[in-house]
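Thanks for coming. Please have a look at the structure on the screen, and then I will go through a few points.

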Amino acid sequence: MKSQLIKSSDRGYADHGWLKSFHSFSFADYYDPARMGFGPLRVINEDKIAPGTGFGTHGHRDMEIISYVLSGELAHRDSMGNGESGAAQNGKEAGVIRPGDVQRMSAGTGVLHSEFNHAKDQTTHFLQIWIQPDARGIAPSYEQKHFDAGSKRGQLRLVAANDGAEGAVTIHADAKLYAGLFDGGESAELNLAPGRIAYVHLIRGALTANGQDLTAGDALQLRETSRLALTGGRDAEVLVFDLAA
């Protein structure tokens, strides 16, 4: 199948009280053998964290993890020293992720981290993305960059890539991640090389991708396709993954 629409309502869902999460692929107690990933893309969780709560310290290894905050703030702390008191003065990241930021953590040989919403009255809404690395056992590392709305307006802005091109964060995977904002007559195209697949995830609003109408939470999987065309945006924010097949 060259293209497949996945509706928002087809995603898994978990309500833990403090955390409400939609799962685009099998994760934790949600299991669908047909939704184990797409190429190296393994997880897209749309998470909402209640005020004053968060993920306690836990471990990861051999995974590229990207956090993309939509509203609120996410406080990150890890065993590499990011997010600790005085981190910014010691060459580490302060660890607070805000809308427009893209955080990349390469778990490699193993890393411990926590993520909290310290606000008293605001929910943190973010996407947690896992991409399988192209090499195992690398040294853990962390990177965080800001991409303002203007750089994504009416175009696909490269925000993560295996070569760090165009100021993107560097991921250790055969993948590129683009972010875009579209409204009215704004449009964009992305050429896909032979042997590549693409995954379009609409964060909010409405958008047409290769003639397929998407609404918030929908996704479109593309195989054997040389071009992606995005049109008809209505207050749309979108992520596009260019992936090894």
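Which side chain meets E189 in a salt bridge? That partner is R227, with N and O 2.9 Å apart. This is a predicted model, so please take what follows as computed from it. E189 lies in strand β16, residues 188-191, and R227 in strand β20, residues 227-244, so the pair ties together parts that are 38 residues apart in sequence. E189 is exposed, at 54% relative accessibility, while R227 counts as partly exposed, at 39%.

Salt bridges also share partners: R61, D62 and R136 are joined that way into one network. The count of salt bridges comes to 13.

Another of these pairs is D218 with K7, where the closest N and O atoms are 2.9 Å apart. D218 sits in the loop between β18 and β19, and K7 in the loop between β1 and β2, so this pair ties together parts that are 211 residues apart in sequence. D218 is buried, with a relative accessible area of 1%. K7 is partly exposed, at 32%.

K20 and D15 form a salt bridge as well, at 3.7 Å from N to O. K20 is partly exposed at 35%, and D15 is partly exposed at 47%.

Now to a sheet. Four strands make an open sheet in the order β5-β10-β7-β8, with antiparallel pairing. β5, residues 53-60, and β8, residues 96-97, stand at the edges with a single partner strand each, so one side of each has no neighbour in the sheet. β7, residues 74-78, pairs with β8 over two bridges. On the β8 side, V96 is the bridge partner of A75.

How values were computed
Residues numbered from 1 in each chain as written. Predicted model: local features only at pLDDT ≥ 70, side-chain atom pairs only at ≥ 80, totals over all residues. Heavy atoms only, no water. Pairing = 2+ DSSP bridges. Salt bridge = Lys/Arg side-chain N within 4 Å of Asp/Glu carboxyl O. Buried < 20%, exposed > 50% of the residue type's maximum accessible area, 1.4 Å probe, protein only.
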